[in-house]
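Dear colleague,

Please find below the structure that I am handing over to you, with its sequence.

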Amino acid sequence: ERAFDHSEVEPRWQSAWDEADVFRIDDDATDPEYVLAMFPYTSGQLHMGHVRNYTITDAFARFERMRGESVLHPMGWDSFGLPAENAAEERDTNPRDWTMKCIDQMRDQFVEMGFGYDWEREVTTCEPEYYQWNQWLFKQFREAGLVERQAAELNWCPSCETVLADEQVEGEAELCWRCDTPIEHREMDQWFLTITDYAEELLDGLDGLEGWPNNVREMQRNWIGKQEGASVAFEVSEYGEVDIFTTRLDTIHGATYFSLAPGHPVAREIAEENDEVADYVEMAEQAEADDLEVTSGVFTGEYATNPATGEEIPVYVADYVLTDVGTGALYAVPAHDDRDHEFAQHHDIDIEQVVEPVADADVDPEDVDVQEAAYTEDGLLVNSGEFDGLTSAEAREEFVEVFDGEHRTEYNLRDWGISRQRYWGTPIPMIHCEDCGYVEVPDEDLPVELPEFVHTTGNPLDAAEEWKQTSCPDCGGSAVRETDTMDTFVDSSWYFLRYVSPELADAPFDTARASDWMPVDQYVGGIEHAVMHLLYARFFTKVLDDVDLLDGVREPFVNLTNQGMVLGENGNKMSKSRGNGVSPQRIIDEYGADTARLFIMEAAQPEKEFAWSAEGVQSAHSFLQNVYRLVDEFADGEITFGEGGEIAEYVAREIDATAARATEEYERFRFNHALQAVRELVSLLRRYREATDPDRATFERGLVTAAKLLAPVAPHVGEELWQQLDGDGLIAETEWPSAEAPADYDIERRLVENTREDVRDIVDTVGIENPETITLAVAPDWKHEVVSIAREADNVVPAVMQNEELQRHGEAA
Ligand code: ANZ
Ligand code: ZN
């Protein structure tokens, strides 16, 4: 029985790649293909999600390299964060030692998986060589006016007398992780990056990100949450004018009460006179975001004058009005807003309709009963005096002037609070002096390095007395260091730039090279980063460009792929508690890395989830063994060759067609289809050999083509085959097979068929009845049909819209 032994083969080729520097990219490369996977958090254990993520980028990087591209494919470690502190506590070690051990373990596993990274460019965020640049960039941001101190609510443990990070507050009862005391919320000043200054640009830029999944773009749009509206002043008894923010100025005649957020200055003023209001404000401020009902609120005894009607309407303080949204005050229109409606019913407040559906709307005006439920659509004005009959849009425009208001745009996006009260992060490079206030640590004193870790109740930096006490850079007097560290999302907001010049000692990255090498051409990672990481990285890129650290790079990632989940064999999420996790190490040991890689890549297209399957693993394993055997027999001269007969021409044509098809599928990130093509080619060669005496040249070309097409996904086996076939050098560095399809071969048809399969898969996944009909329906005109199906069934939108090929083929069709 001929077989290859993966435990011997795989390490051998890993060393060969290393010796030949296959994955290294020269600093003087121009405009390389930048292929990047989101770097892992250093938990120490590689899981299947990582394996999938990194197999995708590795296969693509290898494919591009074989096509003659210079490829930048780096790896690094997202290595700051609370888990390291917790692990250090549990194991009686310190976060640094624990983290470094994890990194070594994970690096070994990456090598064992055959992932080809340029290890000379390894970046580790918890090293001073890296985080000094977080500090330096913080100062750059500050100089650009993008750093502010603002009040933020923090968790305070009254017993430990310390601030706690959110992760240190446990359970619904919100207990201190150390002493189980219920925590309190306190307002304290924190450092913020004013990402809101870039809200509009971050929103605009999304339109151009056509290589991103639509659902991610939509999530960012919602997160930024642009609302165009107006502000108008209401007179509130003796407290004077109070500005409100509204997106529905057309409804102003229907305002039947007025409402202030508990944190609004006027609410606080009223609280000074009114005990009931004072109690309410205090209670509301202690409550967590979603604790209170929409109906929670209290009448203040005061009245506001509606400028539209001259009516006096009661003023409430209500928790559903948020202090830091708009102006923190609103006029409420129960007839046309759901929350106002609920509140009004509960507090017995009048409900007055001022908008009714237009004549051709889906709803008959007769059927609208605002006493029952709010009518929240636009329409025509009623009960609005001389303005009756205006459309909502007309009224919104006109009323800004009529009621002396102002156009105003609001965003949901908040500034980014980066202060964390914990040890394992980048120290914020500020010093507090009694006389001078906050003073920056001068550049020559960077990095501010973390002191030795100590086990303590609160933030270890607070306990590091010697480290904390310093002198003021301005006046030389005694001063204390800022003891908060940075949110670790700061680290990941620019790590992709550090790879470009990881050793650079006098700047975070080389501006010229970064500007040439950026943006990242293919970025692959989990959907959980749709908003925070991906938005922060976009923000950083724009700022860095604006302060001339980059030259004309406005977006960091051109193409984005979110890989789907790897589920357990039972179709559930893999987890310890379910006991259905499959350890990558076990698979590597038992079957080898190539089997794992092949199985994962054949199982589904990258965006789709799939369930682990022992059978699938077996099938991948035996396919690799079979290919190996066929090539081995060929190499040993065991195959009888002849003229090849009539079918030789057909086989030759199929070889070219396979190369063309597989190439196209690799480009489209449809690795499963590419591999399907390779499997078909291999079985054709096997039949060719059995049916006739094949001609040697064609047969050999078939094997060479199959080996090359397989190599990005199963790189070790690829090398082994290449060696048997007497190839020059390494297959990893050889040329990709020419991808010219034979003239009469309809590659487009194959692609459309594959795409149709994708649609069916998607439709199956989201559970639409009768996928067949839908598949047939979409065939003639991909784009429009798919879009309309997506519209009809809400839950299909993300999946279907994500399938960019559908749209591409739609345009072609
Ligand atoms: C009057 C009104 C009438 C509103 C109406 C809506 C419907 P959306 O709905 O997402 O566009 N608002 C204003 N400031 C607020 C705050 N600090 N906290 C909570 N809600 C606030 O958001 C805009 C609407 O949210 C605004 O328009 C305001 O209610 C409410 F028939 O004003 B509206
Ligand atoms: Zn000073």
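To begin with a contact between domains: 14 residues of domain 1 are in contact with 17 residues of domain 2. On the side of domain 1 that touches domain 2, helix H3 (82-91) and helix H16 (532-546) each supply at least two residues. H3 gives the most to this side, with 5 residues. The C-alpha centres of domain 1 and domain 2 lie 27 Å apart. Please note that the model is a predicted one.

As for the overall division, the protein chain comprises domain 1 (31-125 + 489-563), domain 2 (137-194 + 416-486), domain 3 (226-411), domain 4 (614-745) and domain 5 (748-812).

There is also an open sheet of 4 strands, in the order S6-S5-S9-S19, with antiparallel pairing. Strand S6 (162-164) and strand S19 (416-417) stand at the edges and have a single partner strand each, so one side of each is left without a neighbour in the sheet. Strand S5 (residues 147-157) and strand S9 (residues 184-193) pair in the antiparallel sense over 10 bridges. Within this pair, Arg-149 stands opposite Trp-191 in S9.

Finally, the ligand. There are 17 residues around ligand 1, of which Thr-246, Val-325, Gly-326, His-336 and Asp-337 come nearest. Strand S11 (240-246) and strand S15 (329-332) are the elements that give two or more residues to this shell. The shell around ligand 1 divides into 8 nonpolar, 7 polar and 2 charged residues.

With kind regards

Definitions and conventions: Residues numbered from 1 in each chain as written. Chains lettered and ligands numbered in written order. Predicted model: local features only at pLDDT ≥ 70, side-chain atom pairs only at ≥ 80, totals over all residues. Near = placed C-beta within 6 Å. Nonpolar A, V, L, I, M, F, W, Y, C, P; charged D, E, K, R; others polar. Pairing = 2+ DSSP bridges. Domains from an automatic or database assignment. Contact = placed C-beta atoms within 7 Å.
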